[in-house]
Amino acid sequence: MNDGTRAGEAVASVAAADVVERVVANLEFAVKAPRATLELCVLCLLAEGHLIIEDFPGVGKTMLAKSLARSLHLSFSRLQFTPDLLPTDVTGVNVFNQKENEFEFKPGPVFANVLLVDEINRASPKTQSALLEAMQEAQVTIDGTSYALQLPFLVVATQNPIEYEGTYPLPEAQLDRFTARLSLGYPPLAEEARMLAEQTTAPPLDRLEAVAHHDDVLASIEAARAVYVEESVGRYVVSILRHTRGSQKLALGASPRAGIALLRMAKARAVAGGRDYVLPEDVQAVGVAVLAHRLILAPEARTVGLTGAEVAQDALDQTPVPV
């Protein structure tokens, strides 16, 4: 890599860091959640990934997705998953146009930059799988014809961790398609009191304005792609994955796709820090959010109450850090 290319990437990283800072600050105005959690949402977008939020009702999951789209001037679509929802309700359908005497495609809600899928585990597996091609390849195929989705494309799925009646839990293979999983939690007392006052007078979302635009997002994504990963850091990521695969606490460890997601998120975090290279600290900071939902616990670990997050943190703690 020549000096001119490296200097250009450094400038792009600084510009992307500014975009991340403005968007996170804007999200803080509307969503009462920890700053690190809000930053993870933006990093997921820069990493070209998808996000699943598992939390209790009424903590701001929908508002977070709306605020992110509005902050970046991106198109937004919301889809409530229910047991009777069909795959074509997600992707769209061909409708016969009598005037033109031919079929024409009517796009579904998936044709948006930010797609909020509320309670993803309430729809049947057939409908859930309608998202797979869109999430993996940024396109949908209807009757043999493929339609590209406009980039950036981010799926924000939510599910309730306390209600399982009438739900269809996501298969592990589909959970693996989500780059990161997080929860918002309840806000601190003072923040919650302020939130109640705001929401009952002038909701912040109504006053939220864009602080960046479509081109800024695409440029930031390109900057994240170009971030340099030193060989020792790449081996560090692989060592973390192999640690999970050898753990007696797990029935199944992290897949290579998990490693790709982990490295992409680490690159996005490096960009958010204004750097054009990845540090081991970047990997550690996003590791639990990326790995926890991909790990399948062994029966013995479930019995003693261990969680995927604890096992993921254990893997990060025990894997030697390159120096």
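Colleague: So helices are DSSP runs of H or I with at least four residues and strands are runs of E with at least two, both numbered from the N terminus. What sort of model is this?

Modeller: It's a predicted model, where local features need pLDDT of at least 70 and side-chain atom pairs 80 or more, while totals for chains, interfaces and linings use all residues. Residues are numbered from 1 along each chain as its sequence is written, and side-chain values use heavy atoms, without hydrogens or water.

Colleague: OK, the second largest pocket. Which helices supply its lining?

Modeller: α2 (35–46), α6 (132–137), α10 (214–225) and α12 (256–272) each give at least two residues. The lining has 28 residues, and Glu48, Gly49, Met135, Gln136 and Arg264 lie nearest the centre. (A pocket is an open set of 1 Å grid points where a 1.4 Å probe fits, with protein on both sides within 12 Å along at least five of seven lines; lining residues have an atom within 4 Å of a point.)

Colleague: And what lines the largest pocket?

Modeller: 23 residues, with Glu54, Leu175, Arg181, His293 and Arg302 nearest its centre. Two or more residues come from each of α7 (172–175), β11 (296–297) and α15 (308–318).

Colleague: Switching topic: how does β3 run relative to β4, parallel or antiparallel?

Modeller: Antiparallel, with 6 bridges between β3 (92–97) and β4 (102–107); pairing takes at least two DSSP bridges. Phe96 faces Phe103 of β4 across the pair. The hairpin has 4 residues between its strands, and Asn101 there takes a positive phi near 60°.

Colleague: How many aromatic pairs are there?

Modeller: 4, counting Phe, Tyr and Trp (six-membered ring) with ring centres within 6.5 Å. One of them is Phe105 with Phe111, edge-to-face (planes over 60 degrees apart) at 5.7 Å and 65°.

Colleague: Is Phe105 buried or exposed?

Modeller: Phe105 is buried, at 17% relative accessible area; the cut-off is under 20%, with exposed over 50% and partly exposed in between, using a 1.4 Å probe on protein chains only. Phe111 is partly exposed at 27%.

Colleague: Which residues end up in the ring cluster?

Modeller: Phe105, Phe111 and Tyr147, joined by ring pairs.

Note on methods. Rings of Phe, Tyr and Trp (its six-membered ring) pair if their centres lie within 6.5 Å; planes under 30 degrees apart count as stacked, over 60 as edge-to-face and the rest as tilted.
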